[in-house]
Amino acid sequence: MTKVAVIGGGISGLSTAFAVERLAEEAGLAVETLVLEKEGTPGGKIRTVSEEGYLCEWGPNGFLDNKPMTLELCDRLGIRDRLLRSNDNARKRFIYSEGVLHRLPENGPAFLKSKLVSWPGKARLACEPFIAARRSDDDETLADFARRRLGQEALDKLIAPMVSGIFAGDPETMSLKSCFPRIDELEREYGGLVKAMVRLAKKKKAEIREGKAVASAAGPGGILTSFLDGIQELSDRNAAALKGELRTGAEVEAIRRRDGRFEIRLVDGSVEEADIVVSAAPAHALSGMVRELDPGFSELLGAIPYSPMNVVCFGYEREKVKRDLDGFGYLIPKKEGRGILGTLWDSSIFPNRAPQGKVLLRSMMGGATNPGAVRLSDAEVTQTVRSDLRTIMGIEAEPDFVRIFRHEEAIPQYLLGHGRRLKAFDERLKDLPGLFITGNAFFGVGLNDCVNASNRVADRVVGFLQKR
Ligand SMILES: Cc1cc2nc3c(=O)[nH]c(=O)nc-3n(C[C@H](O)[C@H](O)[C@H](O)COP(=O)(O)OP(=O)(O)OC[C@H]3O[C@@H](n4cnc5c(N)ncnc54)[C@H](O)[C@@H]3O)c2cc1C
């Protein structure tokens with residue numbers, strides 16, 4: 001029996017172990033899996049907290065249905081019927097700028113009407129199709145890309161808030177190729193973003209005419225999808241479906257090589273042996289585990305920074321919020337100088353996130369551009385969010401319900417040169433046969449990306465075992 005140890009019981013580790021078990025069985029290989037998770041419960045960044053009738057997401061509040069990976073995982077886990085799709089409000093997204101919540105325009109005419117971007121800013125955006133595509137293959141920061149193709153105002157009011165919404169990151173330091181590889185490809189393939197949109201729309205129309213594609217109301221962004229009892233249903237169900245052992249409270253300290261196998265030393269002093277080790281732990285944690293095994297690899301891993309973040313849930317009686325809440329929520333450009341990054345109107349997009357007659361607003365604080373926010377006291381956090389909600393949404397009332405979730409290391413940052421670092425990882429791993437890496441530190445931070453990377457690494461693990 002071959003033993004495969006997976007370190008880290010977040011969605012990456014859980015879905016890796018699940019895929020290894022399935023693929024090994026299909027290949028007729030006898031494999032025993034062991035997932036080692038440091039915390040007392042599996043799920044990693046996925047955690048749903050239900051209190052006083054509010055359903056608060058500690059981390060992610062869903063995944064997008066425009067990619068198949070998580071949906072396929074749900075099918076395999078038998079939980080399709082538990083899925084909860086966000087309602088139409090989720091399409092209405094807002095940006096707070098110069099004292100006003102502006103609806104993010106969804107099409108050209110709405111964009112022209114919108115007061116979010118000034119006329120000079122719109123004129124600059126209109127130049128995008130005439131800007132030559134970049135020839136160099138070097139990596140570029142998100143900010144440089146946006147300034148070059150779309151102008152400074154679009155960077156400040158559209159791109160930077162989006163980057164903070166996904167990565168809690170700073171576009172001045174982050175890699176276009178690693179954060180948004182498709183956008184980099186579109187510029188290279190079609191010569192620009194507008195040109196790409198026009199050509200792709202034509203292609204889609206032709207495919208619909210020929211019956212090769214179906215028209216989708218969801219648009220390219222997809223629909224935010226969760227579960228009736230919150231996103232934790234996904235990790236709980238995945239954990240329960242594992243045939244092998246899932247050990248919680250098992251913090252790995254070091255990985256060593258011994259006689260062609262691996263020795264995994266845990267903080268409690270115990271040692272596990274395995275033929276294969278897949279790390280699905282955060283990069284900084286893996287860095288510590290391989291310090292003795294390969295100091296160079298450890299150093300490279302340690303160089304991936306994580307942005308810190310507070311997630312602050314406020315519950316109110318509906319009547320105390322004197323404005324409509326038809327929407328997904330809003331993001332705030334850094335220039336506005338607010339204490340929060342934005343607020344999601346969770347109870348507006350999913351029906352059962354707040355008790356009857358109440359609403360749940362979830363604000364994000366911190367990120368790469370305001371790392372000190374995670375060190376503020378609870379009172380300071382509450383005061384900052386209250387003050388921002390008063391200014392932005394006109395909410396004067398005190399919240400009836402407050403929960404603060406702190407993530408010291410919330411989201412990995414794919415900095416300029418991240419792709420080069422991934423290649424260096426591949427080189428180091430060639431000298432460590434049987435050790436594999438996955439997780440959100442490398443190939444995408446969305447739940448879909450994590451599940452996709454897990455499927456790929458499981459495929460490689462089984463391929464490796466077949467060749468042995
Ligand atoms: C606030 C927030 C909101 C988000 N919102 C969304 C969203 O709406 N949609 C979306 O798609 N994505 C979202 N994301 C991103 C997504 O949640 C994460 O990228 C994803 O859950 C990461 O999964 P993972 O398994 O790779 O890592 P993690 O969830 O971080 O799991 C790693 C696991 O390794 C364990 N571990 C660490 N050290 C050790 C050790 N030494 N030994 C053993 N185990 C160890 C940890 O305890 C953890 O359980 C959000 C993230 C955050 C923080």
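**View 1. The crossing of α1 and α10 in this predicted model is left-handed.** A crossing counts as left-handed if the near helix is turned anticlockwise from the far one by less than a right angle, and as right-handed if clockwise. Helices (H or I, at least four residues) and strands (E, at least two) are DSSP runs, numbered from the N terminus. The contact involves Ile 11, Leu 14, Ser 15 and Phe 18 of α1, and Leu 234, Ser 235, Asn 238, Ala 239 and Ala 241 of α10. Residues are in contact if their C-beta atoms, placed from the backbone, lie within 7 Å. An α-helix has 3.6 residues a turn, so residues three or four places apart point the same way.

Residues are numbered from 1 along each chain as its sequence is written. Because the model is predicted, local features need pLDDT of at least 70 and side-chain atom pairs count only at pLDDT 80 or more, while totals for chains, interfaces and linings use all residues.

**View 2. α1 and α10 (residues 232–241) pack at an angle of about 35 degrees.** Their axes lie 9 Å apart. Axes are lines fitted to C-alpha atoms, for helices over the stretch in contact, and angles run from 0 to 180 degrees between N-to-C directions.

**View 3. Around the ligand there are 36 residues.** Gly 8, Gly 10, Ser 12, Gly 44 and Pro 60 come nearest; a residue is near if its C-beta atom, placed from the backbone, lies within 6 Å. Elements giving two or more residues to this shell are α1 (11–26), β15 (306–317), β19 (401–412) and α16 (447–467).

**View 4. Helix α9 spans residues 193–209.** After α9 comes Gly 211, whose phi is positive, near 75 degrees.

Technical notes: Two residues are in contact if their C-beta atoms, placed from the backbone, lie within 7 Å. The expected span of a helix is 1.5 Å times one less than its number of residues.
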